[in-house]
Amino acid sequence: MIKKDSVVSLSYILKNENGEELDRFESATPLAYMHGHGQIVPGLENVLEGLAIGDKKEVIVTPQEGYGEVQPQLKMKVSRDKFPADRKIEPGMQFSSKMEDGREIPFTVQAIEGDDVLLDGNHPLAGETLHFSVEVVEVRPATAEELQHGHVHGAGGHHH
Ligand code: ZN
C-alpha cells in the first residue's frame with residue numbers, strides 16, 4: 001500500500017483538457033518516485049495514498065494542485081545584449097535564472113523580437129488541468145540509502 005516513503009512505480013497517460021496526450025509512461029518503463037516528498041504534483045500524489053499494486057485510477061488535477069497558474073510576471077522581455085554575443089539565441093532554448101527569493105528557475109526562449117528576447121519562466125504545463133489515467137505498477141519501501149538521498153535508485157530513478 002502506498003504511504004509516506006514508499007517507492008512507487010507508475011504507468012500513466014497524461015492528457016490536457018482537450019484530450020491531447022501530453023505525456024506517457026508505459027508499464028515496462030514506469031515513472032518511479034518516493035511518496036510523500038513532493039516529487040510529483042500534489043493533486044496526483046494525494047490521490048495515490050493508500051493504493052496498491054494493480055490499482056488504476058482516473059485523476060483530474062486542477063492547475064492549483066498541478067503545475068500552478070500561469071504567472072504573467074514570469075513572462076519577460078530581455079534585451080539581446082544581456083546574453084553572450086557569441087551565443088546563438090533561438091526559440092526553445094532554456095536559461096536558468098536566479099529569482100529574488102534565491103530560487104533558480106528555468107526560462108525558455110519564446111521568441112526573438114528585434115533586439116528583444118521574450119522569455120517565459122512558467123512551467124510548460126502551468127495553467128493546464130491535467131487528466132491522468134494511472135496504474136500502480138510497483139510499491140516497495142524505500143531503502144535506507146534512498147531515504148538518505150531523498151530519491152529513488154534503480155529502474156526509473158537515479159543511477160550513481
Ligand atoms: Zn542517490
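Predicted model: local features only at pLDDT ≥ 70, side-chain atom pairs only at ≥ 80, totals over all residues.
Biologist: What makes up the secondary structure of the protein chain, and which pattern does the chain follow along the sequence?

Modeller: The secondary structure of the protein chain comes to two helices and nine strands, and reading along the sequence gives the pattern β-β-β-α-β-β-β-β-β-β-α. The C-alpha atoms fill a box of roughly 55 × 40 × 30 Å along the principal axes.

Biologist: Into which domains is the protein chain divided, and what separates their centres?

Modeller: Domain 1 takes residues 6-67 + 125-149, while domain 2 takes residues 72-120. The centres of domain 1 and domain 2, taken over C-alpha atoms, are separated by 30 Å.

Biologist: How do you know that strand S1 and strand S2 pair?

Modeller: Two strands count as paired if there are at least two bridges between them. Strand S1, residues 6-15, and strand S2, residues 21-25, share four bridges, and their sense is antiparallel. The threshold is at least two bridges, so S1 and S2 are called paired. Lys15 stands opposite Glu21 in S2, and in the hairpin of these strands, with five residues between them, Gly19 takes a positive phi near 80°.

Biologist: Which strands pair with strand S9, and over how many bridges?

Modeller: S1 pairs with strand S9, residues 130-141, in the antiparallel sense over 10 bridges, and here Leu14 stands opposite Phe132 in S9. Strand S4, residues 56-61, is also joined to S9, by six bridges and again antiparallel, with Glu58 standing opposite Ser133 in S9.

Biologist: Why do strand S5 and strand S6 count as standing at the edges of their sheet?

Modeller: That open sheet has four strands in the order S5-S8-S7-S6, with antiparallel pairing. Strand S5 (75-79) and strand S6 (94-98) each have a single partner strand, so one side of each is left without a neighbour in the sheet. On average, neighbouring strands of this sheet are turned by 40° against each other, direction ignored. Within the sheet, strand S7, residues 104-113, and strand S8, residues 116-120, run antiparallel and are joined by five bridges, and Thr108 stands opposite Asp120 in S8.

Biologist: Why is Ser9 called buried?

Modeller: A residue is called buried when its relative accessible area is under 20%. Ser9, which is found in strand S1, has 7% relative accessibility and therefore counts as buried. Leaving out residues up to four places away in sequence, Ser9 touches Pro30, Leu31, Ala32, Glu135, Val136, Val137 and Glu138.

Biologist: Why is Ala155 called exposed?

Modeller: Exposed requires over 50% relative accessible area, and Ala155 has 72%, so Ala155 is exposed. Ala155 lies in the segment after helix H2 (144-149). Ala155 and His35 are 120 residues apart in sequence and 16 Å apart in space, C-alpha to C-alpha.

Biologist: What makes the site of the zinc ion tetrahedral?

Modeller: The zinc ion is coordinated by His149 (ND1), His151 (NE2), His153 (NE2) and His160 (NE2), at 1.9 to 2.1 Å. Four donors count as tetrahedral if all angles lie between 85 and 135 degrees. The angles among the four donor atoms are 99 to 124°, so the site of the zinc ion is tetrahedral. Along the chain, these donors follow the spacing H-x1-H-x1-H-x6-H.

Biologist: Are His149 and His153 buried or partly exposed, and how do you know?

Modeller: His153 has a relative accessible area of 15%, so His153 is buried, whereas His149 stands at 35% and therefore counts as partly exposed. For the protein chain of 160 residues, buried residues make up 33%.

How values were computed
Residues numbered from 1 in each chain as written. Heavy atoms only, no water. Donors = N, O, S within 2.8 Å, 3.2 Å for Na, K, Ca; no water. Tetrahedral: all angles 85-135°; square planar, octahedral: opposite > 155°, others 65-115°. Buried < 20%, exposed > 50% of the residue type's maximum accessible area, 1.4 Å probe, protein only. Domains from an automatic or database assignment. Contact = heavy atoms within 4.5 Å. Axes fitted to C-alpha atoms, helices over the stretch in contact; angles between N-to-C directions.
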